[in-house]
Amino acid sequence: MLADLHLHTTESDGTLTPTQLVQAAQRIGLSAIAITDHDTTGGIEEAQRAVPPGLQVIPGIELSTSTDAGDEVHIVGLWIDPHYAPLQSKLATLRKERVSRVDAMLRRLQSLGIALGHEDVLQFAHEDVLSRSHIAAALVKKGVVKTKQEAFDTYIGQGRPAYVKREKLTLEEAVGLILGSGGVPILAHPGLLKDLSILPRLIQAGLVGMEVIHHSHSAEQTDYFSQMAKDHALLPSGGSDCHGPGGKDELYIGRYSIPWSWLEDLRAARNNRIL
């Protein structure tokens, strides 16, 4: 029995609908998945309606935070209550800021002579959950670039001419919202961070786990983060961070999964805290 606890759908920047993601999980024999879209819980209900016997769908989310130095840190929340009002209020604000940011980036692209409009981006996204990945997809379709990575490298990546900074939660805000919703906060893909000096601050805020398994981690990093989790009394977690075929990467559901015992430990930590 294996689980993939980091997955995205078309509700944020994935290319599989929640139903398609559930069907893919069933085909490859996973026993549990977590829907962890960026700044939205919109895909959870559909996924839970579509779930067949023998597969668990864990309600989750991935929140973007910013350190004092401006570095981006992602926090995954597992077993959240999607109806928790403070969480939904903050998510609505974050999604509104996403729309404003995309419009600002489109204006910068237009100033560079690239005729890309809001309607072009909406071919790849929902109205209120827009991201740079959707702009990249629109740039590929327009023939401005050949790949989404080229779009980031040339136009919309940090430091590129059409990049616009996005407002993010603090570390404490993200962890607090997940805990408040009854969820388990997990530090996402630590191997992508410049350093882990923020770890004590996250632990103080109530961090429960750390992604040990992730597609960006080498075998050596997996061993390193496994030991780090033990040293800091954090529970190991992980998953593929799948965005679907043709998404921001070419990694698919289930390629990176975690042992069932890890899921049970995470579930027990959640149950012990809320009982």
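Modeller: Start with one term. A residue is buried when its relative accessible area is under 20%. Keep in mind that this model is predicted.

Biologist: Which residues in H6 are buried?

Modeller: Four names to find: Lys148, Ala151, Tyr155 and Ile156 are buried in H6.

Biologist: Where do they lie around the axis of H6?

Modeller: Their arc around the axis is only 55 degrees, so they sit on the same side of H6.

Biologist: What do the buried residues of H6 pack against?

Modeller: They pack against H5 and against helix H3, residues 85-111.

Biologist: How is a pair of packed helices described?

Modeller: Two values do it: the angle between the axes and the distance between them. Here, H5 spans residues 132-142 and H6 spans residues 148-156. Their packing angle is about 105 degrees, and their axes are 9 Å apart. Angles of 65 to 115 degrees count as roughly perpendicular, so H5 and H6 are roughly perpendicular to each other.

Biologist: Which residues meet in this pair?

Modeller: From H5 come Arg132, Ser133, Ile135, Ala136, Ala137, Leu139 and Val140. From H6 come Lys148, Ala151, Phe152 and Ile156. By class, the H5 contact with H6 holds eight nonpolar, one polar and two charged residues.

Biologist: Now Ala92. Where is its place?

Modeller: Ala92 is in helix H3. Its relative accessibility is 38%, so Ala92 counts as partly exposed.

Biologist: How many Å separate the C-alpha atoms of Ala92 and Arg201?

Modeller: The separation is 26 Å, for two residues 109 residues apart along the chain.

Definitions and conventions
Residues are numbered from 1 along each chain as its sequence is written. This is a predicted model: local features need pLDDT of at least 70, side-chain atom pairs count only at pLDDT 80 or more; totals for chains, interfaces and linings use all residues. Side-chain values use heavy atoms; hydrogens and water are left out. Axes are lines fitted to C-alpha atoms, for helices over the stretch in contact, and angles run from 0 to 180 degrees between N-to-C directions. Helices (H or I, at least four residues) and strands (E, at least two) are DSSP runs, numbered from the N terminus. Angles under 35 degrees count as roughly parallel, over 145 as roughly antiparallel, 65 to 115 as roughly perpendicular and the rest as oblique. Contact means heavy atoms within 4.5 Å. Ala, Val, Leu, Ile, Met, Phe, Trp, Tyr, Cys and Pro count as nonpolar, Asp, Glu, Lys and Arg as charged, and the others, Gly among them, as polar. Buried means under 20% relative accessible area, exposed over 50%, partly exposed in between (1.4 Å probe, protein chains only). The arc is that of the directions from the helix axis to the C-beta atoms.
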